[in-house]
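Please read it alongside the sequence and the coordinates.

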Amino acid sequence: MRQAWRLAAIGAAGIALAFGGVVFGGAAYLLRRRKPDPFDPPTNYNISYQDISFLSRDGIRLRGWWLPTASDHALGTIILCAGQDGSMEGDTVQVVALHHAGFNVLMFDWRGHGRSDGDMVTMGALEVNDLLGALDYLDEQRGINRVGVLGFSMGGAVALM
């Protein structure tokens, strides 16, 4: 009987270690730095843009694109918040209709994505600081303080937070 309990304890410990390894491996996969999507600049859609960089609220250097409307009277400004996989280039096609309708658009790579600094993705927890940094950039560098936010996947969650 004692042998059976010992074997059961060893089996349970083995299962716990295997489960812990799977959880740790899965977390490492989810939090890893993202590789950029294929380069797809707005000029592929006849939209001019400017490369920009700014700091997140917690000091991470973020890089993106500023797409000013060709009109002297923009309908507004929209920050595009991409999902957690890849980089902003994966969503370039999403800004075409917004830009042609007369909106300024700011796109940027989250921390740990694309051309931005950072080694880890936090699934929205710290990316809130990235979006706040984008708002600071628009206010301080462009004089724009009324902004809409359009987010996909993790970007949508960050926009709501």
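Contact here means that heavy atoms lie within 4.5 Å. In this predicted model, and not counting residues up to four places away in sequence, Tyr 49 touches Phe 39, Pro 41, Pro 42, Thr 43, Trp 65, Trp 66 and Leu 67. Tyr 49 is placed in the loop between helix 1 (2-31) and strand 1 (50-55). With a relative accessible area of 24%, Tyr 49 is partly exposed, because that class lies between buried, under 20%, and exposed, over 50%.

His 113 is found in the loop between strand 4 (103-108) and helix 3, and its relative accessibility is 1%, so the residue counts as buried. The side chain of His 113 reaches the backbone oxygen of Gln 84, at 2.6 Å.

Asn 129 belongs to helix 3, which spans residues 127-142. Leaving aside neighbours within four places in sequence, Asn 129 is in contact with Ser 56, Arg 57, Asp 58 and Arg 111; with the side chain of one of these, Asp 58, the side chain of Asn 129 makes a polar contact at 3.5 Å.

| Residue pair | Separation in sequence | C-alpha to C-alpha distance |
|---|---|---|
| Tyr 49 and Gly 64 | 15 residues | 9.8 Å |
| Asn 129 and Ile 60 | 69 residues | 8.9 Å |

Methods
Residues are numbered from 1 along each chain as its sequence is written. This is a predicted model: local features need pLDDT of at least 70, side-chain atom pairs count only at pLDDT 80 or more; totals for chains, interfaces and linings use all residues. Side-chain values use heavy atoms; hydrogens and water are left out. Helices (H or I, at least four residues) and strands (E, at least two) are DSSP runs, numbered from the N terminus. A polar contact is a pair of N or O atoms within 3.5 Å; within protein, one must be able to donate a hydrogen and the other to accept it, and residues adjacent in sequence count only if both atoms are side-chain atoms. Buried means under 20% relative accessible area, exposed over 50%, partly exposed in between (1.4 Å probe, protein chains only).
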